Each structure stands twice: as structure tokens, then as C-alpha cells.
Amino acid sequence: MMEWGHWVMAGGYLLFLMLTCTADYRGCEHFFNSTTLNKSGIFNSTGWPGLYPLNTNCMYYFVGFQNERVELNITDFQLQGVYPQCQFDYLDIYAQIITTGVEARISSPLLGRFCGDRIDILPKHIISTANIILINFHSDEHRAARGFFGSYRFIDASIYEVGTKSPHHYCSYIIKSVHEKHGNIISPTYPGVYPDNLNCSYGLHGVPGERIQITFNDFSLFHGGDYCPYDSFTVYDGANRGAPVLKKFCGEHSSVTFFSSGEHLFIQFLTRAGRMGAVADPYDTSVDYKFSRRGFNVSFHFRKDIVKIDIPVESRNMYHIKGTACDMRIISNNSRNGTIKSPGYPRKFPVNITCVYYIDGLYNQERLEKVKVKFTDFSIPGSMPDCNLGYVAVDEEGRLDTRVFKERYCGPYLPPDTSSKKSRLVLLFNTDNAREGRGFSAYYEFISDYGIPGENVEEGKCTYLYASKSTKSGTFNSPHHPVRYPDNTNCRFIFRPEAGEQILISFYTFFLGDKDTACENNDFLEIFHTGRGLRDNYSVKHCGRQFPGPILAENQLEIRFISRRNSKNSTGFEARYQFVHPDSLNTNCGGQIISHGSGGIIASPGFPEKYKSRTYCRWTIKASSPFNDILVYFFVFHTEGTVSSDDKTTSNYGCQNAVLRLYRGNARNRFHTVYVEAPEEKCGQLNGEPFLSNNDTFELEFLTSSRALGAKGFKITWTEVHREGVSCDFFRCSKSEYCIHSELACNQVPNCGSGDNSDEEEGCPTPFPKQGESSSGPTVSKFDILHIAIGASISSFFCIVLVICGLYHRRRLTPEQLRHRRHETPPEQDTVEVRYVAADSSCNTTDRLLQVEHAILNGENGKASVPHATECIRDSPVTTPRATPLPVALNKPHIGGEQTIKTIDSTNHKLETPQIQKVSIV
């Protein structure tokens, strides 16, 4: 009777086609009905694998029983046209049709229209939502192709039915544990491509004391973004959509398991159209079917044996992680400590469970914390190291992968105390295959952490030890670096070398707020130097953006960092330390200098060549009398860095990689103390600056870091200033009134201090060089070089003009004029005036003497001979001031000689050549 009804509907549909279609199209219908013996088969276009006929409009009906679904697989496909326009031939597929009538086809949504020769644009599997699938194949009158081939199968629809179906919704079900304790929830067309605009729901309801476990067996939804804006599988931890969301899923997932917190769970499955808007090329609509979009197959299980969530009432910072069986998260807040226990403790713990405890300390700009765990009771059957019957594992790094746990603990003994490396500690409790036991109880505590590498020797305090016996090099930094350090912080960094070693420290970054004069009202870094003697004990503060210079210490070194409430956006500092042996440094310099009353010179290694990295020099200059002082003058000084900045709020400055420290010593009238006056740090360019010691000793220390690139270095003169007695038996400076040795007068070096050149002016044959000059003679500025170049260019231009004019004038002479000139007698003597510029070199473009001869008509062959004589004065005995070395003590400068010019005499020609009568030197 059912088949007869189908034939009646098919006849009506055929009549409709006859009335609405033109006579040019040949209609055809193919019916594939499910029978008791026939549940599968194949189908294809007419003529396949040959060409299908033109002007065809064919219907393919696949009709199953009411308790069946239809599954199609198209394995070969080639139709005329370009997807997705499909303006010529096409294949329309209807998978949500409920009857074979014409009205149902018109009102049913279209799964898709397909054409072309790309098999990937078709869904891999097509499963009906009811018991019917309809395919409409259309071809036009122009061209044909191979067509299509596929298989069909009628499958049992009961696998898609679960629980009680809602009478008002196509795919809404209620599942109660009193009827079925476990089962599967399958999307309406799984594993075929699911249709658009679905709204399916599954409500799972257990009895009190039960929890629901959901496991993904297969899951494949279109992934349109992190928040699943298109297709989604949303799980609510309660009876309806008003409950908290456990998780929203999309994309591909496998082996996912989660749990309800109580006896209710609600699942909603939504699909949408318009997925093409989520892809890079919105015109390539085939991308929609490149994703398998199988839907899902998940299993559910109502269980009473799952761990009961039991959080102590007094615990305000412990939370159950929704969706897990027994995972807990403990967050630091007002509670700085607490206790964690295994499920059921002190009773027997449940078996075949895995609980993870995430213990998180604070991690923000104001405070960093670490986690410390101490076990107070422990009883898990088994023996270490295998622990095959259950175990506890701890990860100090806070990683979530259980494979990274270093060691498992089981048995009757307490595990050791453990502290996290950072702000999180992870503890895992596994009872797979375990025998029942008491479990564990542990005490946790949040302690302050400053994000500083090194050995924290005072727990909870910012005190770190760097010992050579533990590590030879590393870094240390301000708290929380590179982010802003916290206010009101006091940190200590202690460096302890082995015997025979030194500590080399250099800073990579440095920003401690806005600098003030003494760093008293600012955050600062204070470095305490402790040496062998009193002269090596001192401290120096650094703040603002001025880099401290490199540090080299022989004994234990301590650095302190103090922050107040004005750090603002200051990021602190980062530095590198190295324990080095003195042989690894460049130390072929320095030494002790005993003055005999006069002065001398100190230069950086290799001056004026670049100094090297990891260079250390120390000079100690001792006056001949304890009442005298030492005056140091920077004759030449050029190193890396700068001691000042035009804008101290936006850029760093200072002696980061190279520093010269000046130890002037304590004043004579100062009370004797353990710490001496801190040295001054100098770098950059400081030519012409004098510095006077506070007593009879002046020490200079030059140090470069491992990252120093090198510069010219320095040449420094030192002078002993005599102060004993009232009278001066040597030379008395007019302004500073210093008394210096008489032999230092007129040595081309200022020995009287800043602004006083009396020792180089009074009675000196050569005055002291002015700005821009040196004692070796006048220097040539860049403007002098420019003037020389311009003069040479102009001279060359006029010479070329003269030569061209001469050639042009000669060519204009007629043969008769030339014959007449052959018999003329040239004058006995001509005069040529040449102007040239004399530079330091005696053989360059501007130092050549141009001698121009008149054209001499010579020879019986009628040809003119024009000899020229141009010669560079290479053997000139001109004496120019030569660069002399910088004056040393007791040496007087040499006075240069006079300039002479050698005359060139050219007598190679028969006739007398012109001679130079006047030479003007510009």
C-alpha cells in the first residue's frame, strides 16, 4: 500500500514537470527503495562512465523504512560548469526531505548544488535526517561530461534516538538515569555532514549523589574561531541553559573526558549557515565541505563512584575545577597557607581516579610568590621508584604534562618538602590499579618571590648568594625585571669568590627612576667594596638612568637595592657576574709610581690604538712628601660612554662598558674611618680637565667589560704640587698659586690647574697652544682642508682654460703666418707668474710648481715643438713642524727651523727656457 502511494505521488510530480517544463527536456525518475532483502546498492548518471545525455532533468529517489536513514557516498563526479555558479549542468541534493511530493521538495532546505570535476567539493558522507534523500540531476543542451557514480545504504535510525524525544523539536532529548545509566549521544547525521541551522539539546538528569561523565569518542565540528561563533557543542553544569558553562567545543577533538559537579548536565548543539565568512576567500564556498563536519559521537555515564567534591568550609581560596573529576585549584589571596588532602582522607581513597592540584601564588607587579609544600601524613600502597599501585608526583615548574614529573612517591614515608620554581606548583594524585589506602595530607604556604636567579638564602626575603663554588657566571636583576619592580623593597646580592679569583660585574640595563644629586630621595643601587686595606673599603650609590661602570673586586662583594614609593614605571636593572682568574684579564699596565717632585705621563694600553675588552689597570701615584698633592690633567681622553646626558629622563648614559675611576683619597683633616671617599667615574671625552688629590696619593683604575668594543683611550699627565713651607723654591703658578717643579715650566703641558696657563706663558719661547692646537704644532682643521681643495680646483680649472685657449689660437694661424714665425727670434727671456698653495705635504696637487714654456718653433721639418716642464718638488729641503711626542717631565719642546724653496733649473732645450722670476705663496 505504501509503494502504491509512492507511485501516485511520483505520477503527480511527473504531471507537474510536464506542465512547467519545456518540451526540450527529457524527464526521468529513478527509485531506490529499501526492502527486507535489499539494503544497499549503486547509482549513476545515464551513460556513465560515458557522456550523459543533453537536455536531461532526472530525479533519484532513495526511500527507506520509517525506522531507517539513507546514507550516500558519491565516488566519481564530473559535470559541466564551474562551482559554485553551476549555470549549465548541476546536481541538487536534498537530505532533509520528509516526503517524495513536489511540495516537500520545494519547502525542504537544499543541502547543496554541485558541478565541475572536483570531488572534494562534495560531502564525503551524506546521511538523511529522515528516511528519504532526493537527487535532482540537470543537464543543458550544450555539452556533456562523464556524470556521477555512487553507492547508497539504508541504516538503522535507532542509533540516533536516545532517551525521550521532545514532541516539539526534531532533535531534543531527555535522558534520565533511572531509565539508562550509560549510552551514546550522536549528532543527527553522524558520520555524514550535518546540515545548517540545527538546534539540538540533550538534558541528562541523575539522582542525588550521582555525577555524570562525558567522553568524546569522535568529534568534528567546523572551527570558526576561538569562541566557536558558527557551530558549537556547549556543556552546561546543571539542568538547563541557566547553569554555568563548563565548556564550549568546536573543531576536532578526541579522548576528551569531563564530569558534572552534580547530578544534572545540559548539552546544546547549534549549527549555522554562512561559514564562508570565516575563511580567507569568501568566494571559495567549497571550503565549507573541505571540513569533514562529521558531527559527534559521545558517551555518557551516570556514576556514584566518582569522587565527591568536598571543600573545607574554612578554605576561601580552594576551588573545584569544573568539568574535572577531582581537580582543585588553590589561589593565593588573603589566606597565605592551608591544607590539601586526598579524596576521602583520612578514610580510604577511591581507586582508578586521577586528581590534579594546581597551587598558584600571586604574580603581579606588586608581588610575586612561590609555593612551598610540606607533607604531614602519607600512606599510599606500593614501593618506590616504580609505584605501580598509586602515587603522588610533584612538579616544581608548574607544568601540566604528567610525563615531566621527576619522581613518584608512594609507601609509608613522607615525601621531602618542595618549593616551586615560579608561581605555580602542580601536585598529582593517581590511584589507577591501586589498593585502598589512607592517602595524604599536606601543608602549603605562599612565600614571597622576587623573580631573581640565584640562591635565596633567606626564605621570604630578597637576599641572594652567588658563590663561585656553585656557578662561575650568571645574571642577577631587580625584582620582577623586566617589568616594574615593587615599592618598599630591600634586596641584597652577595658575591663570594674562591681564593685567587676576582668578581667581574657589568650592567646590561639600568633604570631606577629620576636621578637626584645624592640618590637620597630616589630608588638606588648601592655597591659595597671590601678590599684588603682601608683604601679599598667604600660604597657608592647609583640611581636614575646612569649606568654604573664595570666592577672588579678581589674579595666578597655586596650590592644592595632599595626601592621606595616613587618607582613609577622604572624597570630596574639586569647585570652579569663572572668569577674570573686574574690571568684571564688584560693587566699589562698600571703599577706604582713614586714621584721625585716633578711629574709624568700615564696612557691606556696601546694608546692611541683601541683598548681591549676585559682590561684592568691600576696606577698609584705617590708624592715625594706627605704634605704634597698630585694634580692629574686629562691631556687626551676618549672612551666609550658618557658621564652626562642632555635628557636624563628618556635615555641612558654612564660608563656601561669602560670606566676610569679616580681615587683622590680622604682629606688630611678628616677623621680616620673604615670607608674612604668613593671614587669618581669618568668616561666619554674629557680633554683638558684637571683633578687634584686630597692627600699625597692619587690612584687611577681603568676597567673594561666583556662587551667593550674599544676606543682611542687616554693620555694623562700628572704633576706633584708642593705644599710644604710658606715659600716656593720652584715655580709659583700665578692663579692657582700651586708650587710646581721648575723643570715643568714651558713644557707645553699645563701643570698649574684649571684656567691657569702661567707655567706655559711666562718666559716661554713658544706660547701654550690655543684651543684646537697641540704641543706638536698647529693642527689643520676641516675648514683649512676645504680651503685647500677649493684653491686646487680653481687653479686646475684656469690651467685647463689656458691650455684650450692656446691650442685654439695656434689652430687659427695660417700657413703663411707659421712660416713667418719660424724665422722670428724669440725673446731672450720671458716671465711667468705662478701662484700655488703650500700644504704640509711637499708632493700633492697643490704643491706642484707649474712651469709653462712658450711655444718654440724648432726643426726643419715644419713641425712645431712645444716642450713643457712640470716637476714636483720632491727634494725640497723645506722644514715643516713635525709631530713630536707629548712632553714628559723635565723635557723642553724642540723649535722648528726655517722654510726654503729649491728652484728648478730646466736647461734641456737648445733655446733658453723661461725662468721663474716671481713666486707668490698664498
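**Notebook: cores and rings**

I started at phenylalanine 375, which touches Val392, Val394, Leu414, Pro415, Pro416, Asp417, Leu427, Phe440, Ser441 and Ala442, not counting residues up to four places away in sequence. Contact here is heavy atoms within 4.5 Å.

This is a predicted model, where local features need pLDDT of at least 70, side-chain atom pairs count only at pLDDT 80 or more, and totals for chains, interfaces and linings use all residues. Residues are numbered from 1 along each chain as its sequence is written, and side-chain values use heavy atoms, without hydrogens and water.

Next, the cores. A nonpolar core is a set of buried (under 20% relative accessible area, 1.4 Å probe, protein chains only) Ala, Val, Leu, Ile, Met, Phe, Trp, Tyr and Cys residues joined through side-chain atoms within 4.5 Å. The largest has 39 residues; Ile340, Ile359, Phe375 and Phe440 touch the most other members. Apart from it I found another core of 32 residues, among them Cys200, Ile214, Cys250 and Ile267.

Then I searched the whole structure for aromatic pairs and got 59. Rings of Phe, Tyr and Trp (its six-membered ring) pair if their centres lie within 6.5 Å; planes under 30 degrees apart are stacked, over 60 edge-to-face, the rest tilted. Phenylalanine 216 and phenylalanine 249 have ring centres 4.9 Å apart and planes at 65°, so they are edge-to-face. Both are buried. The rings of phenylalanine 222 and tyrosine 230 lie with centres 5.9 Å apart and planes at 85°, so this pair is edge-to-face. Phenylalanine 222 and tyrosine 230 are buried.

Terms used: Buried < 20%, exposed > 50% of the residue type's maximum accessible area, 1.4 Å probe, protein only.
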